[in-house]
Amino acid sequence: AVIIYLAIAAVVVFSPMIGNFFVGDDFTWFRWAASDSSVVRYFTASDGFFYRPGTKAYFELMYSVFWLNPPVYHIVSILLHFVVAVLVFLLASKILRNVALSVLASFLFLVLSGLSENVFWIAATGYLFNGLFMLLSLIFFIYWEERKKITYLVATLLFLALSLLFHELGVVTPLLLLLYKFTAN
């Protein structure tokens, strides 16, 4: 039920953004997506800017399929933000072991105005993917700590690596894993 309520809240809060056009750095990402660079080059060179090969590959894929269709990009951003809010709920449930606090945490995360930029400004999609993969890494690490199944450890490392490909903020993921390791129980 919580996931359904989060979905409803995401649609109610963020659906007005679907009709917005592109702004600011969105056009920089489109310029890269429209360039003749190979996807392999995204992983080997930052082209004098920043190293976000996952985000560049995402924009190239979206641009090649949907071109300059703003509603699609905003819908993907809303969907990503919703999924991250669900992961916040799952993580809070694991750590807090209190459903009411977990629901509160996930709804606050979903509607906080500081995060609306990540939905409105599609150039910030890398943050959404980064948050998604960081949270998945932490959740699978918690599962690994509880069950010691190697597949959970592999998933932890995979999502950690993916978080690094979408935004440099992913470097804090190992610190979050260590923080959980030393504060759990």
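Is arginine 147 buried, partly exposed or exposed, and what is its relative accessible area? Select the residue: arginine 147 is partly exposed, with a relative accessible area of 42%. The model on screen is predicted.

**Stop 1**

The structure holds five salt bridges.

**Stop 2: helix H8 to helix H10**

Select glutamate 145 and lysine 181. They form a salt bridge whose closest N and O atoms are 3.3 Å apart. Glutamate 145 belongs to helix H8 and lysine 181 to helix H10, so the bridge ties together parts 36 residues apart in sequence. Glutamate 145 has a relative accessible area of 22% and is partly exposed; lysine 181, at 40%, is also partly exposed.

**Stop 3: glutamate 168 and arginine 52**

These two side chains form a salt bridge of 2.8 Å, N to O. The partners are 116 residues apart: glutamate 168 is in the loop between H9 and H10, arginine 52 in the loop between helix H3 (39-44) and helix H4 (53-66). Arginine 52 counts as buried because its relative accessibility is 10%, under the 20% cut-off. Glutamate 168 is partly exposed, at 39%.

**Stop 4: aromatic pairs**

The structure holds 22 aromatic pairs. Select phenylalanine 133 and phenylalanine 166: the ring centres are 5.4 Å apart and the planes stand at 40 degrees, so the pair is tilted. Phenylalanine 133 is in helix H8 (residues 125-147) and phenylalanine 166 in helix H9 (residues 150-166), 33 residues apart. Both are buried.

Next, take phenylalanine 141 and tyrosine 180. This pair is edge-to-face, with 6.3 Å centre to centre and 85 degrees between the planes. It links helix H8 to helix H10 (residues 173-183) across 39 residues. Phenylalanine 141 is buried at 9% relative accessibility, and tyrosine 180 is buried at 15%.

**Stop 5: a charge over a ring**

Select lysine 148 and tryptophan 144. The charged end of lysine 148 sits over the tryptophan 144 ring, 4.2 Å from the ring centre.

**Stop 6: a nonpolar surface patch**

Finally, select Ile4, Tyr5, Ile8, Val12, Val13 and Val111. Together they form a nonpolar patch on the surface, with about 580 Å² of accessible area. Helix H1 (residues 2-14) supplies the largest share, five residues. Valine 111 lies in helix H6 (residues 99-111) and is partly exposed, with a relative accessible area of 40%.

Key. Residues are numbered from 1 along each chain as its sequence is written. This is a predicted model: local features need pLDDT of at least 70, side-chain atom pairs count only at pLDDT 80 or more; totals for chains, interfaces and linings use all residues. Side-chain values use heavy atoms; hydrogens and water are left out. Patches are made of residues with over 30% relative accessible area and no salt bridge: like charges are joined within 9 Å, nonpolar side chains (Val, Leu, Ile, Met, Phe, Trp, Tyr) within 5 Å. Accessible areas come from the Shrake-Rupley method with a 1.4 Å probe; for residues, only the protein chains shown count as cover. A salt bridge is a side-chain nitrogen of Lys or Arg within 4 Å of a carboxyl oxygen of Asp or Glu. Helices (H or I, at least four residues) and strands (E, at least two) are DSSP runs, numbered from the N terminus. Buried means under 20% relative accessible area, exposed over 50%, partly exposed in between (1.4 Å probe, protein chains only). Rings of Phe, Tyr and Trp (its six-membered ring) pair if their centres lie within 6.5 Å; planes under 30 degrees apart count as stacked, over 60 as edge-to-face and the rest as tilted. A charge sits over a ring if NZ of Lys or CZ of Arg is within 6 Å of the ring centre and within 35 degrees of the ring normal.
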